[in-house]
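Please read it alongside the sequence.

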Amino acid sequence: METVLQVNQLSKTYKRSHLGRTKTSRGVVDLTFEVRKGEVFGLLGLNGSGKTTTLKIILGLLFPTKGDVKLFGKPIPHHDAQRRIGYLPEVPYFYRNLTPKEVLRLYGTLSEMEPRRIRERTEEVLKIVKMERAADKPMREFSKGMLQRIGLAQALLHDPEFLILDEPVTGLDPLGIRQSRELVLELNRAGKTVLFSSHSISELEKLAHRVGILSEGRLIRLLDESEWRDRPGHLEELFIETLEQSGATL
Amino acid sequence: MIQPAIQALAIARTTVIEQIRNRLYLVILFFGGGILLASLLLGALAPGHKVRVIFDLGLVTLEIFGLVTAVFGAVSLVLDETESKTIYLILTRPVSRATYIIGRFLGLVTAVLFTMAAMSVLHFIAMVYDYQWFKEFTYGWSFHSVYPLLLVMAGGKMLITAAIALFFSLFASSQVSALVFTGSFWIAGHFGSELRFLIDRTVEGGVAKSIVLAAASILPNFQYFNFRDTYAIPHFAGFEFIGTALFYGLGYAGFFLALSTVWFSRKEF
Amino acid sequence: MTGRRGALAALVVCAAVVFWTNRRLSAALPWRYPVLTDLVMTENYAGDLGALLLGAHRLAADIAYIQLLQYYGVSEHGHSHDDGGFHDISEGKYPELKTLSTRIMRLDPFFNGPILESAGALAFNQDRPDEAMLLLQEGIQRDPQFFRYHLYLTAILFREKGNDAGLIELLLQAIKTPDCPPLFELMLGNLLRQAGRFEDAARVYLHTFYTAPQESDRKDAERRLRSLILESREAAEAVRSVFP
């Protein structure tokens, strides 16, 4: 099966200098995993386990200390590969004085879309996330949930093949969470590959084909859906069990 | 080359819109306009040279507020964007860091020049308000040739200032520190020529002299652009000087822009 | 990484451009203003310094001029020019007049108007021709192309030597320029009156009355016109003949 993302022996060490002394801390250590085309892959771990660091390295916001990452078979950073991914950060921040239409126009241009296509897709994605009515309002007036929806809209705007979602249900109400889940399922059925990190074990349970458990920067277990499917709540048990076995502090 | 240019222009456009809709920007414009109108009062205290006072105060105000716009713009656009993570959604797209920096710079310069253009309209109105005195002030020289040139040279100064402000905003921790750094360059840039002149004539050789002269050469020399002070000096400068000065301005701004790109290309978020 | 390499290359190219253009510009930019060490020490020294650090020579000179007017505009006996009545500006000694004028020149040597006005006030109101001449001589040194410094210096010398005819001819040239201080116009009017050229004197006073920027000068011109009318019938006729 074609591999969309390949992470190989990835390590990231942070160095902080203060008054002549350098402190190092580890973000991720010898991380190796892959995401196959058409699957939903979940990254699960406690706070500080390295989920966000991993995503940021893949996206080019951080640079690895060791190891390599390949997107669509190309080592990052790669221009063509970046065009094929859509990213939703944990808390999307936008230009407060711009409207959703203006912001999507900017992102569409940056994603090298044609102007006509930007206009068409803007209408489509705003409909998908149910934000058509707020299209011309400045975003300083938006609630957290509304911003999350626009975040999803900009991730989908250029119709990417690979979606990277960092805590996609943060800030959403129960209805919003359900709508978000259905949308991810629909996108996956349409052939999109999804990588998402989450604290929400129940969402991972419902969506993911495979889950990687991170602890203290290391991938300590890789689970397949056959291990928890049709056993609601079992993923959580597997998660706790894995952490206890690894000696992680709970 | 075309796609990065389109992307840079899109970022520039967004920058201008963000700036103009920013309340702080409107406050700056309001205060600048207020000072220009207040120059009418100051001019009244100098009978016989009323328009000269309005002219001089207006041009200094234009530049100072251009400086303020550049610094606060650079900080709010880059520093705030970095801290608020708005930048994530740009850098995770197929946009090079150089394109981002250039786009931001173009937008910032456009916003600053817009401020100066708006204030120059008010300035012009204040000068021609008493048309009789305006005619006396402009007796013997061509205001219509000189005034646009003064604005162009002030714009050259702003080009350099905006590039320096952008550079400092990439690693300054606050608006105040960015203002202090950029303001220091502003002062040093006006003072450099004089310092070099003084050192040359008063100090006898040595390492200290070499260091000071070298520093004076590296700092931007805003006296090249200070036409608002020097336009009346007989035979001061011709078109060759002006052209070379603008080339200098582009080179200096380009240097800081390139420096910003080099620094920014290794910045982690 | 290509972007970074491109940026490094741009850095080198821009540095070369700056280096080359800087050399050409600095050679072509003779320092024309007095330097910081030439600034006159007054209580406003800090302000002058601050303005120069912002590259605002002209503005600093403008403010210095306004302060000079405030100094010279207040009588040392305690009332100002504009207190409703005529005030003779030859009253008072104004010891700082030359210093404050020099301050303006050291900030902007090309701001000629105040120097001419001060030289005139020193020479003809305050009867301090030596100070006036020193002021004008420094003006000539700093702005040798401004011919009116030479003109006014000559006028003062003529006056000192009692050469009224020569002084009248010189001043007739001087008043043709729009920035001629009203003081010189009034002095010319007086000289013409003394020479019996009442019509010419009336024309000069009338010109000052209509064009002088300061109210005190306009009132002065009006007073002299009235006094001319009262001098003699011939003088009165001359005044009536020039009125529009």
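Against which helices do the buried residues of helix 2 of chain B pack? They pack against helix 1, helix 3 and helix 5 (97–128) of chain B. The model is a predicted one, in which local features need pLDDT of at least 70 and side-chain atom pairs count only at pLDDT 80 or more, while totals for chains, interfaces and linings use all residues. Residues are numbered from 1 along each chain as its sequence is written, and chains are lettered from A and ligands numbered from 1 in the order in which they are written.

**Terms**

- Two residues are in contact if their C-beta atoms, placed from the backbone, lie within 7 Å.
- A residue is buried if 20 or more other C-beta atoms lie within 10 Å of its own, exposed if 12 or fewer, and partly exposed in between, with C-beta atoms placed from the backbone.
- Helices (H or I, at least four residues) and strands (E, at least two) are DSSP runs, numbered from the N terminus.

**Chain B: fold and helix 2**

- Chain B contains 11 helices and 0 strands.
- The radius of gyration (taken over C-alpha atoms) of chain B is 20 Å, close to the 18 Å that the globule rule gives for 269 residues, so chain B is as compact as a globular protein of that length. The globule rule is 2.2 Å times the number of residues to the power 0.38.
- The C-alpha trace of chain B spans about 60 × 50 × 35 Å along its principal axes.
- Of the 269 residues in chain B, 51% are buried.
- In chain B, 83% of the contacts between residues at least 6 apart in sequence join residues at least 24 apart.
- Helix 2 (residues 23–44) of chain B has 22 residues and reaches 32 Å from its first C-alpha to its last, close to the expected 32 Å; the expected span is 1.5 Å times one less than the number of residues.
- The buried residues in helix 2 of chain B are B:Tyr25, B:Gly32, B:Leu36, B:Ser39 and B:Gly43.

- Beyond its neighbours within four places in sequence, B:Leu108 is in contact with B:Thr15, B:Ala70, B:Gly73, B:Ala74, B:Leu77, B:Ala162 and B:Leu166.

**Contacts between chains**

- Of the 2 pairs of chains in contact, chains B and C share the most contacts.
- The contact between chains B and C takes 47 residues from chain B and 39 residues from chain C.
- On the side of chain B that touches chain C, the largest share, 14 residues, comes from helix 11 of chain B.
- That side of chain B divides into 26 nonpolar, 14 polar and 7 charged residues. Here Ala, Val, Leu, Ile, Met, Phe, Trp, Tyr, Cys and Pro count as nonpolar, Asp, Glu, Lys and Arg as charged, and the others, Gly among them, as polar.
- Between chains B and A, 22 residues of chain B are in contact with 24 residues of chain A.
- Helix 1 of chain B provides the largest share of the side of chain B that touches chain A, 7 residues.
- The side of chain B that touches chain A has 10 nonpolar, 7 polar and 5 charged residues.
- Chains A and C do not touch, and their nearest C-alpha atoms are 9 Å apart.

**Chain C: shape and domains**

- Chain C has 12 helices and 0 strands.
- Its radius of gyration is 24 Å, whereas a compact globule of 244 residues would have one near 18 Å.
- The C-alpha atoms of chain C fill a box of roughly 95 × 35 × 35 Å along the principal axes.
- Buried residues make up 39% of the 244 residues in chain C.
- Chain C is divided into domain 1 (44–77 + 89–161) and domain 2 (163–244), with bounds from an automatic or database domain assignment.
- The C-alpha centres of domain 1 and domain 2 of chain C lie 24 Å apart, and their contact takes 15 residues from domain 1 and 14 residues from domain 2.
- Helix 7 of chain C supplies the largest share of the side of domain 1 that touches domain 2, 8 residues.
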